[in-house]
Amino acid sequence: MSRSMSERLRQQLSARLAKPRRVFVTPGGDEFAAWCRDMPGTAVELIVSARALHELVAEPGLPLADLDAVQAYAQQQFAHYFGAAAQRFAVAPWQLGEAVGASALHGLDLAALRAQAEAAGVRVAAVRPAWAAWLASLPAATRAGSGRAVWHEGSVAVVIQLDRGRVTALQSRRVNTLADLGTDAPLAVGTPADALAPQPGPATPQPDFLPRSGRSPLAWPLAATGALVLATAAWSAVESHRALDVAQAARDRVAALRPAAAPKPAARRAEPADNRSALEARALLAMPWEPLLTRVETAGADAKTIAWLGLDASAGRGELRLEGLTPDKLLALQLAEQLGTTPGWRQVVLSRFSAAETGLTGQRFEINARVATGGGS
């Protein structure tokens, strides 16, 4: 494997295991270009400036059953207002109770951003409007109130009308100062200087420009599990090398104290690869973690209500154990059947199914499988 290919794979694995960091981007995306140049192999949540967005809130009572219906309606409306240019807009729908709406990305090319990230080994976990990230970062008491919350970026303000925590209206406006919005004091005012860390509280709109079929809430738990496996393997390898060095030094000291004897055939020096722990560690490090984790993540995302609890691998035996929670045994059986159709996966069985421990919701299950260790999964 060439050094450049090895470095690229290392960056991809690092990005998959990394916790996303928020990066604020304005029209043109220069901030993200600089991030990709300086921080390859990381994960990001892109927070999009209001200056790169158009906003739409649908009239109450429209028969929009799900996000796909909201997106189709929004695309028609944006095409009506902005003409042929709207065909290039990426659209992020949202639905919260009776309130539905969508954001359109007009100041950034989503496909170009994703290609840029791919080239730098950067994982894009989400692409969200700044006002949505800020609203989710407000204290619960503020979000539960009634009145206006205002996201302000220079000459642009996004006015969010709340009614006891429910979003009833949302509008992007051009302003010279906040006084242009009226004399009523807003519930809160946000700017790009805010931390935007999400806080518990009433639900808020969560529009995301990434394709919904490409996202999964399981990515971070599985990545953390993979990181733990790799870290354990690396530590085991280091400890094995140390133990072998100590044993070799002790043997040499004993041999030096013995009287000289007739020469005997030289004993083969023990190599680190002869140590079982070192072999297991090296095998774990050589496991194709990226396709393996991607397959588990995709299968879990298809099941929707599956929540992963852990992953344990024995690379020497080519065994994999998955633990998770599900509300229905049939889902766990279907998941095992789906994984069993994956090339390189053999003997996939649902080996345990029991009530979840106190504090967990659903039924706990365990899936065992044999997987390929040297190629794709």
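Here are some friendly notes on a few local features of the predicted model above.

1. First, some ground rules. The model is predicted, so local features need pLDDT of at least 70 and side-chain atom pairs count only at pLDDT 80 or more, while totals for chains, interfaces and linings use all residues. Residues are numbered from 1 along each chain as its sequence is written, and side-chain values use heavy atoms, with hydrogens and water left out.

2. Start with the aromatic rings, where the structure holds 4 aromatic pairs. Rings of Phe, Tyr and Trp (its six-membered ring) pair if their centres lie within 6.5 Å; planes under 30 degrees apart are called stacked, over 60 edge-to-face, and the rest tilted. Phe82 and Phe89 are edge-to-face, because their planes stand at 65°, with the ring centres 5.9 Å apart. Ring pairs also join Phe78, Phe82 and Phe89 into a cluster.

3. Phe82 has 34% relative accessibility, so it counts as partly exposed. Phe89, at 14%, counts as buried.

4. Now look at Trp134 and Trp151, a tilted pair with 6.0 Å from centre to centre and 50° between the planes. This pair links distant parts of the chain: Trp134 sits in helix 5 (residues 130-137) and Trp151 in strand 7 (residues 147-153), 17 residues apart. Helices (H or I, at least four residues) and strands (E, at least two) are DSSP runs, numbered from the N terminus. Trp134 is buried at 2% relative accessibility, and Trp151 is buried at 0%.

5. Finally, check two backbone angles. Leu196 is not a glycine, yet its phi is positive, at about 65°. Leu196 lies in the loop between strand 10 (188-190) and helix 7 (219-257), and its 7% relative accessibility makes it buried. Gln347, also a residue other than glycine, has a positive phi near 50°. Gln347 belongs to strand 13 (residues 345-355) and counts as exposed, at 55% relative accessibility.

Methods. Buried < 20%, exposed > 50% of the residue type's maximum accessible area, 1.4 Å probe, protein only.
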